[in-house]
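Hi,

Here is the structure I promised to pass on. Have a look at it first, and then read my notes below.

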Amino acid sequence: MGKDGEDRESSDTDLTTTRPAEPSRAFQREIRAAVRYERGLAVKAVFALAVVAVIVTIRQLYFA
Amino acid sequence: MAGAAPELAASYQFLLIAVHFRRDHYAACEPYFPRTAVVIPAWNEAAVIGTSIDRLMLLEYPRDALRIFVVDDASTDDTPDVVLAKAAQYPGNVIHLRREKGGQGKAHTLNHGLEIILADDWMEALLIMDADVIYEPPSLRTMTRHFADPKVGAVTAYIKEGTRPGNYLTRFIGYEYITAQAAARRSQNVLGATACLAGGAQLHTRENLIAVGGRIDTSSLAEDTFTTFKTQLAGHRVVFEPHATVWAEEPDKINGLWKQRLRWARGNVQVTRQYRHLWFRPHRGHRLGSISFGLFWFCLLLQPLFMISSSVSLITLYFASFPQAWLAFHILWIINAVTYIFITLFSVLIDPQTGRHVWREAIMFPGAVNLAIIIYACFPRLFRDGIDELSSAAHITAIRHFPGWLILFVYAWLAGSMALAYLAKVAEPHRGGRFISGLLVYIVGYGSLLCACTFASYIKELRKAEMKWEKTEKTGKAAIPI
């Protein structure tokens, strides 16, 4: 071991790639959580825009 | 008004994030665990490589589908010993490859590993990472699930700044990474065009690697951006997976940051030139030529020129037509203010975990002077009342009307801030320099420091300066926060 390729295991082509026929519940839960987080970003964007709108309004009304 | 272009483009980019949930790639995901080869280029990485390997072995990924190839670029420290010890600890999973003659840079080192890995057919996916990067356990499987869609050729993760304990600079970088990665890459997912697969976390399918030539570009300093462009030009999709988190140690000194960013910025100039036929030319096979993508790319690349042109225009107008200059100044800075509030607030909300850690640097990102100008542009009465109160407290006469020199100073500030940011770099190695340079960064803004660096990259490219790969020093301070 230590030089290129020395002592490496031979090509393990029999190893099957796991691609389940049906995604597990845990996987589906994880995807749902990710999608929910991304949807939440839309709400956060609206919130950030609302804060900007409030600041602009206050400026126009009281500090222009 | 060209000076407002980068701000308007940035706002547009952040607005796109709001529709990311409609354009993300999760509907096409399935659990998928391809046989993955992890390739780590390493030159004198003894301080970090052992921990990185240990963390990789904790990945929630089938052990028999994971092989770690450390390509040792003729290290002169204990890197070979550390890697060999790990190879003995994880037999069959960790492989040490050594180049006896090194020093040619990351791309050459990667190519050495790629040649060997591609020579047999075991590998179905290849993860390119940096020696200091620490992967969270679910990160790899959250990346590979996108390969269930055969159109996807590459996936990148969200790299977070992980130096603990950090300092002011690493916190600025932490905030910058929210904007440049968590935010910008989501908007690139929406556009369907990705600027760069993060060098420390890029996962490719075997088909994609072969399609891009089976090699990493060695002609530039932005090998990761070249690979990203080639992937998309080959008709493969690139996906940013924001929920795959990896942690990296970033520079905690301005000079280290400068070297790293100069390399990146020069690389971007080289990519711009190499793909000059591509910009703003929509194409059916890829989205790199879209108007929006071109707008984001050039607004970032040319930001220093926008800043200089804003200052020059305002000063010229000051002498030609004072009222017009005053009006242009107000419009420009009100746009800056609105963009600043929206982006800062939204960024902290995009990644609240990091946001809690870096919110002060988020506020100070534009620097104290720019913040004062923003407050003045938005709330002139409030600003003047504040000056009046300060003046009376200090028993001096308040400034009722700004003198000409002060107005000129404010107009020149956008360009001048870059010069002062450069001083922060120059001052750092001297006695007391770390304090002074830190103070300067808070005054001129971290953004100006990055712009100064980009401007320096133009000069280096124009002078055709030697392309030297200057490695960022890593000390093993990166950790996953608990």
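Where the two chains meet, chain A brings 35 residues to the contact and chain B brings 42 (two residues are in contact if their C-beta atoms, placed from the backbone, lie within 7 Å). The side of chain A that touches chain B holds 18 nonpolar, 7 polar and 10 charged residues. For those classes, Ala, Val, Leu, Ile, Met, Phe, Trp, Tyr, Cys and Pro count as nonpolar, Asp, Glu, Lys and Arg as charged, and the others, Gly among them, as polar.

Bear in mind that this is a predicted model, in which local features need pLDDT of at least 70, side-chain atom pairs count only at pLDDT 80 or more, and totals for chains, interfaces and linings use all residues. Residues are numbered from 1 along each chain as its sequence is written, while chains are lettered from A and ligands numbered from 1 in the order in which they are written.

On confidence, the predictor gives the complex an ipTM of 0.88 and a pTM of 0.90. Chain B has a mean pLDDT of 92, with 95% of its residues at 70 or more (pLDDT is the predictor's confidence in each residue, from 0 to 100). Chain A averages 75, and 64% of its residues score at least 70. Over residues 1-16 of chain A, pLDDT stays under 50, and the model has 25 contacts beyond four places in sequence for that stretch. Where pLDDT is low, the predicted coordinates should not be read in detail.

Now for chain B itself. Chain B is split into domain 1 (2-252) and domain 2 (299-462), with bounds that come from an automatic or database domain assignment. Taken over C-alpha atoms, the centres of the two domains are 34 Å apart. Helices (H or I, at least four residues) and strands (E, at least two) are DSSP runs, numbered from the N terminus.

Next, the sheet. In chain B, 8 strands form an open, mixed sheet in the order β3-β2-β1-β4-β7-β6-β8-β5 (two strands pair if DSSP finds at least two bridges between them). At the edges are β3 (94-99) and β5 (134-135) of chain B, each pairing on one side only. Helix α7 (168-191) of chain B packs on this sheet, touching β6 (152-161) and β8 (237-248), and its direction makes about 155° with that of β6(B). Axes are lines fitted to C-alpha atoms, for helices over the stretch in contact, and angles run from 0 to 180 degrees between N-to-C directions. Further along the sheet, β1 (36-42) and β2 (66-73) of chain B pair in the parallel sense over 7 bridges, and B:Ile40 stands opposite B:Val70 in β2(B).

Finally, two helix pairs. The axes of α1(B) and α7(B) come within 8 Å and cross at roughly 70°, so α1(B) is roughly perpendicular to α7(B) (65 to 115 degrees counts as roughly perpendicular, under 35 as roughly parallel, over 145 as roughly antiparallel and the rest as oblique). Their contact includes B:Phe14 of α1(B) and B:Val190 of α7(B). In chain B, α12 (303-320) and α13 (322-350) pack at about 150°, with axes 7 Å apart, which means α12(B) is roughly antiparallel to α13(B). This contact has 8 nonpolar, 2 polar and no charged residues.

Cheers
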